[in-house]
Amino acid sequence: MNVEARMAFRPPVDQTAWLGSDPIPAKAYYDPEYYEAERKAIFCRSWLQIGHVCELPEPGSFIRRELEFADASILIVRGKDDVLRGFHNVCTHRATQLVRDAEGRANGFVCPYHMWNFGLDGRLRSAPDFENFFLAKEDCALKQVAVDSCGGLIFVNLSPASAPPLKEFLGEYLVDRLARTPCARATEFSEYVYELDANWKLDYDNFQESYHLKFIHPRSGAATFTPENPFGYPESFGFHGPHRTQMFWPHVDVDAATPTQKLIFGAGARFAMEKGLMPNPTNREYYALFPNFFLFGSPTQHFSHTVYPLSARRSRGVIRIYWVGPAQSASEMLAREYSFLVVRDVHSEDVGVIRAGQRGLNSGVLEHLHFQAMEGLCRHLFNVSNAMVEEYRREAAGTGDAA
Amino acid sequence: MNGEVCLPAGFAALEGFVAGWASPTTAARAARRSASTPAEREAFFAAAAPLLEAAMAHLDSRPLAELDAADKRLLALMMALGHVQMAVEVHREMEPQHAALREAMVITRSVSDLV
């Protein structure tokens with residue numbers, strides 16, 4: 001181990017000073033009125049990560065995604081021209097939802113109610129007895145959402161008319177880095193989902209700070225804590241518009257692993273090396289993409305987490321671990337199983353305190369929350385979100401809309 | 001399995017665990033772990049952990065796609081061992097609490113399903 005590097009560790013508190021030090025209004029984490037403003041100001045306007053290109057391998061492939069915060073059901077479709085498009089899963093005749101399957105392959109979409117038939121490009125191809133309508137087919141196409149991808153990740157924006165280009169939203173640094181992650185080359189993934197009584201930011205923030213690790217993960221995270229860095233803090237932070245990154249401290253205590261863990265994790269590292277996934281500049285970097293997605297570039301555990309708001313006090317999470325190519329050997333399959341179950345296991349340790357945090361917030365007894373310097377990513381998320389909420393409220397006041 | 005040989009030669013010590021632990025899917029392996037007693041987990045871990053290296057050496061002697069039914073049972077056992085290892089070596093007396101919290105985390109897809 002590089003002793004000089006270990007001795008040199010100093011928490012990068014100066015990198016978050018620009019974010020300020022004010023207490024954070026607690027209402028932002030439980031108040032239905034504030035959530036309603038967030039829903040309109042952020043989620044109905046921002047690019048949202050929603051899937052991966054490996055789910056749409058060929059023309060006609062589609063996935064359906066439910067965005068409860070907007071009461072929206074979204075179809076992402078790969079067209080015959082290989083272009084990804086997104087549509088509301090709503091027949092333009094009388095609003096019936098077209099597709100019930102979560103994923104599949106189709107030549108088009110037919111409404112079960114009156115057999116309106118739409119092409120993969122969303123255009124109305126045919127409809128029984130259409131001559132009796134007072135419409136032109138070209139005015140009956142499925143309603144579109146904006147879709148684009150970066151680093152294999154698919155994003156949608158529910159406000160296509162006002163959405164900036166995805167790459168502009170992400171910025172040059174993240175576009176470059178995301179393209180280099182293992183996820184960008186992924187061909188398959190394992191996934192688990194959960195619903196939790198927690199505001200989306202409270203849930204998401206748990207994964208943005210290392211302050212809690214030694215208290216909540218004293219055993220499962222033991223390798224992360226060293227005498228030089230007892231909290232397992234990251235070595236640096238990065239801020240990129242509304243997004244943020246952190247670079248994890250590299251000097252983990254490998255002796256904390258048991259022989260069984262060393263055997264399985266060792267196999268995982270060997271396969272990552274063979275696939276050219278390590279070393280890679282993204283291997284220790286964590287990418288938090290505004291508003292509700294993060295990706296870790298680890299070569300042996302490259303997982304993502306999307307937190308969808310369901311209400312002011314409830315959220316739904318999707319955790320995925322992506323893999324490059326199918327497992328070629330039993331050891332590679334075992335390493336993938338173990339990587340997946342460890343993420344789920346460690347995550348389970350967080351659930352109790354996140355729920356407890358929401359219950360405390362719901363009591364309304366606290367006016368403010370507090371973030372220390374090393375919880376700067378949480379503060380950044382609040383600052384960015386709150387600025388959008390305030391801007392939205394000013395707009396709404398100007399137009400007379402309720403915010 | 002009524003005395004039937006279900007595993008490759010050399011792994012007879014694990015025959016008694018096949019019926020209980022050789023589940024073909026990640027979700028089933030996770031559920032089996034959560035439903036098990038401490039004694040069941042410890043007995044399986046004590047028998048299987050010392051054979052992990054030998055089992056993987058045997059299974060890696062041919063491509064994954066060429067494993068026969070007995071090999072797949074052994075692989076399923078080793079993947080179940082991964083789950084049980086977390087319970088026995090990491091969570092220990094906290095495992096029942098973790099099992100309850102894991103219930104909310106529904107496995108919807110796995111690349112390690114053997115079906």
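How many salt bridges are counted between chain B and chain A? The count is 5, a salt bridge being a side-chain nitrogen of Lys or Arg within 4 Å of a carboxyl oxygen of Asp or Glu. This is a predicted model, in which local features need pLDDT of at least 70 and side-chain atom pairs count only at pLDDT 80 or more, while totals for chains, interfaces and linings use all residues. Residues are numbered from 1 along each chain as its sequence is written, chains are lettered from A and ligands numbered from 1 in the order in which they are written, and side-chain values use heavy atoms, with hydrogens and water left out.

**The interface between chain B and chain A**

- Chain B gives 40 residues to the contact and chain A gives 39 residues, where contact means heavy atoms within 4.5 Å.
- About 3500 Å² is buried between chain B and chain A, with 60% of it on carbon and sulfur atoms; buried area is the accessible area (1.4 Å probe) that two parts lose on being put together, summed over both.
- Of the area that chain B buries against chain A, 23% is supplied by Met105(B), Arg109(B) and Val111(B), which is more than any other three residues supply.
- One salt bridge joins the side chains of Asp345(A) and Arg102(B), at 3.8 Å from N to O.
- Across the interface of chain B and chain A, 22 residue pairs are in polar contact, with both residues at pLDDT 80 or more; a polar contact is a pair of N or O atoms within 3.5 Å, and within protein one must be able to donate a hydrogen and the other to accept it, while residues adjacent in sequence count only if both atoms are side-chain atoms.
- On the side of chain B that touches chain A, the elements giving two or more residues are helix 2 (26-35), helix 4 (52-59), helix 5 (69-91), helix 6 (95-102) and strand 1 (106-109) of chain B; helices (H or I, at least four residues) and strands (E, at least two) are DSSP runs, numbered from the N terminus.
- Helix 5 of chain B provides the largest share of that side, 10 residues.
- Sorted by class, the side of chain B that touches chain A has 22 nonpolar, 9 polar and 9 charged residues, with Ala, Val, Leu, Ile, Met, Phe, Trp, Tyr, Cys and Pro counting as nonpolar, Asp, Glu, Lys and Arg as charged, and the others, Gly among them, as polar.

**Strand pairing across and within the chains**

- Strand 12 (residues 188-196) of chain A and strand 1 of chain B run antiparallel and are joined by 3 bridges; two strands pair if DSSP finds at least two bridges between them.
- Along this pairing, Tyr192(A) has Ile107(B) as its bridge partner, and Val193(A) stands opposite Val106(B).
- Within chain A, strand 12 also pairs with strand 18 (residues 314-323) in the antiparallel sense, over 9 bridges, and there Leu196(A) has Ser315(A) as its bridge partner.

**Salt bridges in chain A**

- Over all chains, the structure holds 30 salt bridges.
- Arg39(A) and Glu36(A) form a salt bridge whose closest N and O atoms are 2.9 Å apart, and both residues lie in helix 2 (residues 32-43) of chain A, 3 residues apart, about one turn of the helix.
- In that pair, Arg39(A) is buried at 17% relative accessible area, whereas Glu36(A) is partly exposed at 25%; buried means under 20% relative accessible area, exposed over 50%, and partly exposed in between (1.4 Å probe, protein chains only).
- Arg316(A) and Glu68(A) form a salt bridge with the closest N and O atoms 2.8 Å apart, and this pair links distant parts of the chain, 248 residues apart, with Arg316(A) in strand 18 and Glu68(A) in the loop between strand 3 (61-67) and strand 4 (72-78) of chain A.
- A network of salt bridges links Glu55(A), Arg65(A), Glu191(A) and Arg320(A).

**Two loop residues of chain A**

- Thr16(A) lies in the loop between helix 1 (3-7) and strand 1 (24-25) of chain A, and is buried, with a relative accessible area of 4%.
- Not counting residues up to four places away in sequence, Thr16(A) touches Phe237(A), Phe239(A), Ala373(A) and Gly376(A).
- Asp253(A), in the loop between strand 14 (243-247) and helix 7 (259-274) of chain A, is partly exposed at 30% relative accessibility.
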